[in-house]
Amino acid sequence: MANSGSVACCPALFLSAPASGSGKTTITACLARLLHRHGKRVRVFKFGPDYLDPQILERGSKAPVVQLDLWMAGEEWCKQQIYRAVTEGKADFVLVEGAMGLYDGNDCSADLAAKFGIPVALVMDVRAMAQTAAAIAVGLRNYRDDFDMVGVIANKCGSNYHGQLVRDALPDDLPLWAALKRDESIELPERHLGLVQPSEQKEDWIESRLESGADLLEEAGILPFVDTLKPVPFMSQQIPAVCPDALLGKTIAIARDDAFSFTYTANITLLQDMGAKICYFSPIRDDSIPTEATAVWLPGGYPELHAKALSENTSMISSLKQFHEDGKPILAECGGFLYCMDTLIDLEGNSFRMAGLIQGTGTMKVKGG
C-alpha cells in the first residue's frame with residue numbers, strides 16, 4: 001500500500017455551471033493559459049470520464065490532464081492524483097472543470113468540490129437573462145452548505161451594461177469575477193460526442209483562441225479574485241501500490257492520431273508505473289506498427305471520419321494482421337474495435353474495408369453511435 005498522511009497545499013478552483021454548454025471548458029482552458037502566462041505551474045483536472053475536453057485543457061495549461069471520477073476510480077484515488085500533481089508535478093495552482101450542471105449525477109461536481117474542499121466558481125451563459133442570473137447563482141449556492149461558492153463568471157454578455165446588471169444583482173458575498181462579452185474568436189466548434197479535437201485544427205487556430213480568451217479574462221479583472229484563493233490541503237491516500245516491474249520489458253504501441261485519441265492519461269501513466277515503455281503510431285499515416293511493440297492498443301476516437309484514409313493505408317492493415325497472426329496482444333475499444341472489423345459504414349452510408357481481424361460490419365448512425 002502507498003503511504004498516506006502527508007499533506008501538500010496548493011491554491012485550487014473548481015469551475016462548474018448550471019448546465020452543459022455554458023462555456024466551462026473554454027473558460028477553464030483560457031484561465032489555465034492566463035495563469036501559465038503569469039508564471040504559474042498549472043495542473044488541470046476534468047471531472048467525469050471525458051476524452052475530448054481534456055485535449056483542450058492540456059493545450060491551455062501545457063500540462064497533462066487527468067480525469068477524476070468518483071464512481072469509476074473512488075475518492076481516495078482521485079485525491080491521490082491531485083496530491084501527486086502538487087508534489088511530483090510541482091503544481092502551484094490546480095483547476096478542476098466540472099461536468100454538466102453543478103448537481104447533475106449521483107456523484108456530481110458539487111460532491112467532489114465538497115469532499116476535496118475546493119471552492120467553486122460558477123460559469124453562467126447569461127445570453128437570455130440579466131438579474132435572473134443572480135437568482136440562479138444564489139439558489140445553486142444555497143442548495144447545499146457543504147462547499148463554498150466564491151464567485152460567478154458571466155459568459156456571453158451582450159454589453160458592458162448587461163454585465164453590470166448581473167454584477168449589481170449579486171450579493172456581496174458572491175461577487176461577479178468576470179463579465180465576458182460574446183466573442184466568436186474564442187468559441188470552440190462542436191460535433192457529435194463533443195468538442196472538435198484540437199489536433200484537427202491548425203496549431204495557430206487553437207493557440208489564438210486560448211490567447212484571446214486569456215486576454216479577455218485578464219481584461220475582465222479575474223486575477224485579483226483568483227489571487228484571494230487560499231491554499232487547499234491535499235493529503236496523500238492509502239491506495240494499492242503498483243508493482244513496478246509487472247510490465248518490465250514490454251513496449252505498448254498506442255494508436256494516436258485524428259482517428260484514435262480517446263485515452264485516459266492515468267491509464268498510460270499506470271502502464272509506465274508498471275514498467276512498460278510506451279510508443280505511439282498513426283494508423284492513418286504510418287506504414288506499420290512500431291517494430292519494438294510487444295502489444296498494441298487501439299483506443300476509441302473518430303474512425304468514421306477518417307474511414308477512407310484508414311482503408312487506403314493497406315500497409316498498416318497488413319502490419320496489424322501480421323501482428324495478430326503472430327499471437328501478440330491487441331486491445332481494441334470503441335473506434336479501435338470498429339477498425340478491427342471487416343467493414344465500416346460512415347454517417348453518409350459509404351462503405352470502407354477495415355482490418356478484418358473480427359467478422360462484422362460497423363454502421364454509424366446519426367444518433368446513438
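Residues are classed as buried when their relative accessible area is under 20%, as exposed when it is over 50%, and as partly exposed in between (1.4 Å probe, protein chains only). The structure is a predicted model, in which local features need pLDDT of at least 70 and side-chain atom pairs count only at pLDDT 80 or more, while totals for chains, interfaces and linings use all residues. Residues are numbered from 1 along each chain as its sequence is written, and side-chain values use heavy atoms, with hydrogens and water left out.

Helices (H or I, at least four residues) and strands (E, at least two) are DSSP runs numbered from the N terminus. The chain holds 13 helices and 19 strands. Of its 369 residues, 50% are buried. The C-alpha atoms fill a box of roughly 70 × 50 × 35 Å along the principal axes.

In helix 6, the buried residues are Ala133, Ala134, Ala137, Leu140 and Arg141. Viewed down the axis of helix 6, the buried residues lie within an arc of 130 degrees, so they line one face of the helix; the arc is that of the directions from the helix axis to the C-beta atoms. Strand 5 (120–125), strand 6 (149–157) and helix 7 (160–169) are among the elements that cover these residues, contact being defined as heavy atoms within 4.5 Å.

Three strands form an open sheet in the order 18-17-19, with mixed pairing; strands pair if DSSP finds at least two bridges between them. Strand 18 (351–353) and strand 19 (358–363) are the edge strands, each pairing on one side only. Strand 17 (residues 341–345) runs parallel to strand 19 and is joined to it by four bridges. Thr343 stands opposite Thr361 in strand 19.
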